[in-house]
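Please look over the sequence and the model shown here before reading on. The briefing that follows is meant for someone new to them.

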Amino acid sequence: MPDLDRDLISIQEARNLSTRAFAAWKDWSTASQEQVDRVCAAMTEAAFAASERLGIMAQEETGFGVAEHKKLKNMFASRNVWESIKDLKTVGVIHHDPQRRIYDIAWPVGVVAALTPSTNPTSTVIFKILIAVKARDAIVIAPHPSAAKCSIETTQLMARVAEENGAPPGLISCMQNISLQGTQELLHHKYVAL
């Protein structure tokens, strides 16, 4: 297949994933704190359980680092990140200052485009998905080409568990046809907010 065709496929995939993520976000943006926390807790446990397998995949695919270290980073990116954010309110009124008559109301931004590196691909995918979903945002991962397989596998794991626990399909996705043009399309798509 000519390079142009791959670029066009990648651009179209970016558009499709962004549009699907936006539709899922419209549904997820009204999720309750209980729903959000249930989905995030389930994803955390699934990622933690898969830490070793994903660490091995990342090391084998990229050639960077040590599989055991990747496992530890995956464990940290799942359980430790979740422990640090699980009690944060991300729905509704999150703070009220009666003296100043100010209310802080949490509201999601929309679709997040998330670039991920080749050096720590799986742990980065895990924590970016957790923080996006906790904030009631959709996320589309744009992996580094040399870490595509392990990034896609990690994203699919998180998405499957999220959907099994009540998140809408399309809330979490990953580009599979990776090109610079496709990533640029994702970053500049009208439905991508961040």
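Contact here means heavy atoms within 4.5 Å. This is a predicted model, in which local features need pLDDT of at least 70 and side-chain atom pairs count only at pLDDT 80 or more, while totals for chains, interfaces and linings use all residues. Residues are numbered from 1 along each chain as its sequence is written, and side-chain values use heavy atoms, with hydrogens and water left out.

**Helix H5**
- Helix H5 covers residues 121-134, where helices are DSSP runs of H or I with at least four residues, strands are runs of E with at least two, and both are numbered from the N terminus.
- Because 11 of the 14 residues of H5 are buried, the helix is largely enclosed by the rest of the structure; buried means under 20% relative accessible area and exposed means over 50%, with partly exposed in between (1.4 Å probe, protein chains only).
- Among the buried residues of H5 are Val125, Ile126, Ile129 and Val133.
- Just after H5, Arg136 takes a positive phi of about 65 degrees.

**Contacts of Val133**
- Leaving aside neighbours within four places in sequence, Val133 is in contact with Trp28, Val36, Val39, Cys40, Met43, Leu171 and Ile172.

**Tyr103**
- Tyr103 lies in strand E2, which covers residues 102-106, and this residue is exposed, with a relative accessible area of 51%.

Technical notes
The expected span of a helix is 1.5 Å times one less than its number of residues.
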